[in-house]
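Hi everyone, thanks for coming. Please take a moment to look at the sequence and the fold, and then we'll walk through them together.

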Amino acid sequence: MRVCVVTAPTGDCPLNRQDPHAAEHTVRTRDAVLKSLEELGHDASVVEAGPAMLLEIETLGPDVILNLATGYRSKKDQANIAAILEMSGIPFTGASSHGHVVGLYKHVAKMAMEAAGIRTPPFQVVLGKEDLRRDLTRGLKLPAIVKPAAEGASLGITEESVVSTAEGAARVAARLIDEFGPPVLIEEFIPGREFTVALLGYPSLRALPVQEIIFKEGDLFSYKVKRLDSVTVKCPAEVPEDLARLLQDAAVRSAAAVGCRDFARVDIRLSDGGVPYVLEVNTLPGLIPDYSEYPRIAAKAGLTYTDIVKTLIQAAAERARSRELPGAPKADGAARGA
Ligand SMILES: Nc1ncnc2c1ncn2[C@@H]1O[C@H](COP(=O)(O)OP(=O)(O)O)[C@@H](O)[C@H]1O
Ligand SMILES: [Mg+2]
């Protein structure tokens, strides 16, 4: 099969200027995926996200697209890149643009989860500086955590993010608006154990073994803790089987509520009362070899990197096939001739 791998830019771009490790991570992921595609006998090409990508993809005319693009100007472009891939009409791996939008904006994801009956920490959202005059902790049990609503990698999360007064919440929220822009989330802080659940599969996602994040210090996966990797992970987590199933079920249902496809990773805190609260759904989990959680968890489940790539490609190929069934809408707008 002819596979076009779409990645974030590897050269100079706003995303790579913001995060000095981003380009290196993109290169490592791209090279690992290309190696797997070669192993699988596919004919691979690479296109970097940017203004020319649609034309480049149309010229190449691949059978499927493997979408690894985590951003262009910023991480928020994940959704825009998926939208451009939709315009190409060629099936691609992972969430649709809609799924990425919902997943990227945590308050929207939380509303989707609540509507589906999934527990997520109660929250307030700050849409702009004018909201700072409101009581941002109203209706919330304190302490609360104040975090950017549309970032990742724990950006903006420090020890100071956990506040126990409304004034504290407003102060941290004001700082986050200046640094990252709105929206900002004020969310009940859930003390207790932290887990992440990787999902893989099509047409519906299935959970891999639950992984626990065990903190060496404190109980916050802050930016610093993530950067220094100062946690240990345990996969499968040491939890009773029924709890593991509860966490996996919460993860699968949240990913479905957000609109994920093929793969995803869901972060969950378990309250001291034993109730799982879903924090967020990652619609494009990192696949950096020997670094990202996702391939590490997959390995624990006995899946190689190539197994992950194989499933993703099969998922997109399956969408290509089902589109060709009689009666299904054609990507090239076949109705035009009618
Ligand atoms: N409501 C919360 N209660 C407890 N800890 C939280 C809460 N929200 C975030 N955290 C902590 O901050 C980390 C990062 O938050 P998360 O919402 O997953 O954002 P990111 O997209 O940056 O990973 C979590 O892994 C967790 O340790
Ligand atoms: Mg997270």
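Some housekeeping. This is a predicted model, where local features need pLDDT of at least 70 and side-chain atom pairs count only at pLDDT 80 or more, while totals for chains, interfaces and linings use all residues. Residues are numbered from 1 along each chain as its sequence is written, and chains are lettered from A and ligands numbered from 1 in the order in which they are written.

Now the overall picture. The chain has 11 helices and 13 strands; these are DSSP runs numbered from the N terminus, with helices being H or I of at least four residues and strands being E of at least two. Its C-alpha trace spans about 60 × 45 × 40 Å along the principal axes. A compact globule of 338 residues would have a radius of gyration near 20 Å, and the chain agrees because its value is 20 Å. That radius is taken over C-alpha atoms, and the globule rule is 2.2 Å times the number of residues to the power 0.38. Of the 338 residues, 45% are buried.

How is the chain divided? The domain assignment lists domain 1 (2-92), domain 2 (122-188) and domain 3 (193-316), with bounds that come from an automatic or database domain assignment. Taken over C-alpha atoms, the centres of domain 1 and domain 2 are 33 Å apart.

An open sheet of 3 strands has the order S2-S1-S3, with parallel pairing. Strand S2 (43-48) and strand S3 (64-67) are at the edges, each with a single partner strand, so one side of each has no neighbour in the sheet. From one strand to the next, the twist averages 25 degrees. Strand S1 (residues 2-7) pairs with S2 over 6 bridges, and Val3 stands opposite Ala44 in S2. Two strands count as paired if DSSP finds at least two bridges between them.

Two helices lie across S1, S2 and S3. Helix H2 (residues 22-39) runs at about 170 degrees to S1, and helix H3 (residues 53-60) runs at about 165 degrees to S2. For these angles, axes are lines fitted to C-alpha atoms, for helices over the stretch in contact, and the angles run from 0 to 180 degrees between N-to-C directions.

Next, a helix pair. Helix H4 (residues 77-88) and helix H5 (residues 97-104) pack with axes 8 Å apart, at an angle of about 175 degrees. The two are therefore roughly antiparallel; the cut-offs are under 35 degrees for roughly parallel, over 145 for roughly antiparallel, 65 to 115 for roughly perpendicular, and oblique for the rest. Where they meet, H4 brings residues including Ala79 and Ala82, and H5 brings residues including His100 and Leu104. H5 is largely enclosed by the rest of the structure, because 6 of its 8 residues are buried. Those buried residues pack against H4, helix H6 (106-115), helix H9 (241-258) and strand S13 (276-282). A contact here means two C-beta atoms, placed from the backbone, within 7 Å.

Back to S4 and its sheet. The order is S4-S7-S5-S6, an open sheet of 4 strands with antiparallel pairing. S4 and strand S6 (162-163) stand at the edges, each with a single partner strand, so one side of each is left without a neighbour in the sheet. Helix H7 (residues 166-180) packs on this sheet, touching S4, S5, S6 and S7, and its direction makes about 10 degrees with that of S5. S4 joins strand S7 (residues 184-188) through 4 bridges, with Val125 opposite Leu185.

One last stop: is Asp262 buried or exposed? Asp262, in strand S12 (residues 262-270), counts as buried because it has 24 C-beta neighbours inside 10 Å. Leaving aside neighbours within four places in sequence, its contacts include Thr93, Tyr202 and Leu312.

Terms used
Buried ≥ 20, exposed ≤ 12 C-beta atoms within 10 Å, placed from the backbone.
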